[in-house]
Amino acid sequence: MSDEVERNAARLAELLEAARLCVAVSESLTAGQLCAALGAAPNSGTWFRGGVVAYATEVKRGVLGVPDSPPVSAETAAAMAEGVRELMRADLAVATTGVGGPEPQDGEPVGSVWLAVSTPDGVDTHHYSFSGDPEQVLRQTVEHALELLRAAVPAPSRTTGRTHP
């Protein structure tokens, strides 16, 4: 895990604790790297609900409610984020799907990544075209997912977060 990922996860942890919110993750492309980063952050037991690593299409559909859509798309990312937020009863959720490489997949080029953040107010999707080898694409994906989660945390005075386990 890079120092930047660790710093971003620690900053997110502070915000989530202050806001009294919990987060969940759904990963395809990143294969658990985002969950590992969050689980290693300070006091993760108070704000991290868990995650689903869903590589297989049938898992995405059966567990997360992903519709019959291309695996690397805004629709898939949005459904993954909404599905895991509901499944884990979290305030916020993020999902990752994309092509890490080394070869294109389903007509999508290496580095094509969709991230989605689900909140009680709805879901936002973001498309990125990362460059580099598979490890670099995955690292960039995790970094951006953490940044999107950080941006989704409202100011503590406006939150009514769920009770943590």
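**A guided reading of the predicted model**

Trp47 is buried, as is Phe48. Tyr128 and Phe130 are both buried.

The strands may be considered next. Strands of a sheet pair through backbone hydrogen bonds, either parallel or antiparallel. In this model, five strands form an open sheet in the order E2-E1-E3-E4-E5, with mixed pairing. E2 and E5 are the edge strands, since each pairs on one side only. From one strand to the next, the twist averages 15 degrees. E3 and E4 run antiparallel and are joined by six bridges; Val94, for example, has Val117 in E4 as its bridge partner.

Helix H4 packs on this sheet and touches E1, E2, E3, E4 and E5, its direction making about 145 degrees with that of E3. H4 covers residues 74-88; at 1.5 Å a residue, its 15 residues should span 21 Å, and the end C-alpha atoms are 21 Å apart, which agrees. How much of H4 is buried? Of its 15 residues, 11 are buried, so the helix is largely enclosed by the rest of the structure. Among the buried residues are Ala74, Met80, Gly83, Arg85 and Met88. The cover over the buried residues of H4 includes helix H3 (57-64) as well as strands such as E1 (23-27) and E3 (92-98). After H4 comes Arg89, whose phi is positive, near 55 degrees.

In soluble globular proteins, nonpolar side chains tend to be buried together. The largest nonpolar core here has 32 residues, of which Leu16, Leu34, Leu38, Trp47 and Leu146 touch the most other members. Helix H1 (3-19), E1, helix H2 (33-39), E3, E4 and helix H5 (134-152) each give two or more residues to this core, and H5 gives the most, with seven. Beyond its neighbours within four places in sequence, Leu38 contacts Leu12, Val25, Ser44, Trp47, Phe48 and Leu146. A second, separate core has 20 residues, including Ala24, Met80, Ala81 and Ala95.

Definitions and conventions:
Residues are numbered from 1 along each chain as its sequence is written. This is a predicted model: local features need pLDDT of at least 70, side-chain atom pairs count only at pLDDT 80 or more; totals for chains, interfaces and linings use all residues. Side-chain values use heavy atoms; hydrogens and water are left out. Buried means under 20% relative accessible area, exposed over 50%, partly exposed in between (1.4 Å probe, protein chains only). Helices (H or I, at least four residues) and strands (E, at least two) are DSSP runs, numbered from the N terminus. The expected span of a helix is 1.5 Å times one less than its number of residues. Contact means heavy atoms within 4.5 Å. A nonpolar core is a set of buried Ala, Val, Leu, Ile, Met, Phe, Trp, Tyr and Cys residues joined through side-chain atoms within 4.5 Å. Two strands pair if DSSP finds at least two bridges between them. Axes are lines fitted to C-alpha atoms, for helices over the stretch in contact, and angles run from 0 to 180 degrees between N-to-C directions.
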